[in-house]
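Please walk me through this structure in plain paragraphs.

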Amino acid sequence: MGSAALEILGLVLCLVGWVGLILACGLPMWQVTAFLDHNIVTAQTTWKGLWMSCVVQSTGHMQCKVYESVLALSAEVQAARALTVGAVLLALVALFVTLTGAQCTTCVAPGPVKARVALTGGALFALCGLLALVPLCWFANIVVREFYDPAVPVSQKYELGAALYIGWAASALLMCGGGLVCCGAWVCSGRPEFSFPVKYSAPRRPTANSEYDKKNYV
């Protein structure tokens, strides 16, 4: 039961990380307006994401606009879109592969093949976490570099948004969950006694006079 518990725990972490990655991909808060010096009394806050930009007024009114042209976007935004969406889709594939090889399902007969399938699913989840880290760290590096660049006007300086932190947390959950799934599959393949127990009952053998042997009733 130890390896099965590891797989279930890892799968739960991966599911939470997958939802967090989808949330980070859709939120427009990848970078937010930095309030510096004389800009502290500004009447509006600007949010920028992968798909839209939003302006929040001091009165609470918010207006968002979806990016109309993909080719007009900067290279980092286009790359972040592709990598983040790719990580989300890969996580979906990893989910189906993990469920197929998990010990709590019966899609594949128990044995080395089932453990290898679960191991592949865990590795895919970990790969999703690493793939999602690339656009997150790349985007954060650009925001921080422009923030400390004296050539950039104060009104155009931004800070790290909440979506980046959500994405980092989701990536960590995906990598940790994928690692737990891999550990559970590895333990199961090497120590079968740690997997879900499967009980088999011996068939009853009829005797010569068409009566069941008494030892089958013991």
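A cavity is a set of points, on a 1 Å grid over the protein atoms alone, where a 1.4 Å probe fits but cannot get out; its lining residues have an atom within 4 Å of a point. Grid points are joined across faces, edges and corners, and a volume is the space filled by probe spheres set on the points. By this rule there is 1 cavity of 30 Å³ or more. The model is a predicted one, in which local features need pLDDT of at least 70 and side-chain atom pairs count only at pLDDT 80 or more, while totals for chains, interfaces and linings use all residues. Residues are numbered from 1 along each chain as its sequence is written, and side-chain values use heavy atoms, with hydrogens and water left out.

The chain has 4 helices and 5 strands. Helices (H or I, at least four residues) and strands (E, at least two) are DSSP runs numbered from the N terminus. In that direction the order of the elements is α-β-β-β-β-α-α-β-α. Of the 218 residues in the chain, 35% are buried; buried means under 20% relative accessible area, exposed over 50%, and partly exposed in between, with a 1.4 Å probe and protein chains only. A contact means heavy atoms within 4.5 Å. Among contacts in the chain with a separation of 6 or more, 63% are between residues 24 or more positions apart.

The largest cavity holds about 30 Å³ of space. Its lining consists of Leu21, Ala24, Cys25, Trp30, Thr84, Ala132, Pro135 and Leu136. H1 and H3 each supply at least two residues of this lining. By type, the lining has 7 nonpolar residues, 1 polar and no charged, where Ala, Val, Leu, Ile, Met, Phe, Trp, Tyr, Cys and Pro count as nonpolar, Asp, Glu, Lys and Arg as charged, and the others, Gly among them, as polar.

Thr84, one of the lining residues, lies in helix H2. Its relative accessible area is 3%, so Thr84 is buried. Beyond its neighbours within four places in sequence, Thr84 is in contact with Leu21, Cys25, Trp30, Leu50 and Pro135.

Trp30 and Phe139 form one that is edge-to-face, at 5.2 Å centre to centre and 75° between the planes. Rings of Phe, Tyr and Trp (its six-membered ring) pair if their centres lie within 6.5 Å; planes under 30 degrees apart count as stacked, over 60 as edge-to-face and the rest as tilted. This pair links distant parts of the chain, 109 residues apart: Trp30 is in the loop between helix H1 (2–26) and strand E1 (31–33), and Phe139 is in helix H3 (residues 112–147). Trp30 counts as buried because its relative accessibility is 1%, and Phe139 is buried at 5%.

Another pair joins Tyr165 and Trp168, which is edge-to-face because the ring centres are 5.5 Å apart and the planes are at 80°. Both residues lie in helix H4 (residues 162–190), 3 residues apart, about one turn of the helix. Tyr165 is partly exposed at 47% relative accessibility, as is Trp168 at 25%.

How confident is the predictor, and what does the chain average in pLDDT? pLDDT is the predictor's confidence in each residue, from 0 to 100. The chain averages 81, and 81% of the residues score at least 70. Over residues 192–202 pLDDT stays under 50, and over residues 210–218 it is below 50. Where pLDDT is low, the predicted coordinates should not be read in detail.

Conventions: On a 1 Å grid over the protein atoms alone, a cavity is a set of points where a 1.4 Å probe fits but cannot get out, and a pocket is an open set with protein on both sides within 12 Å along at least five of seven lines; lining residues have an atom within 4 Å of a point.
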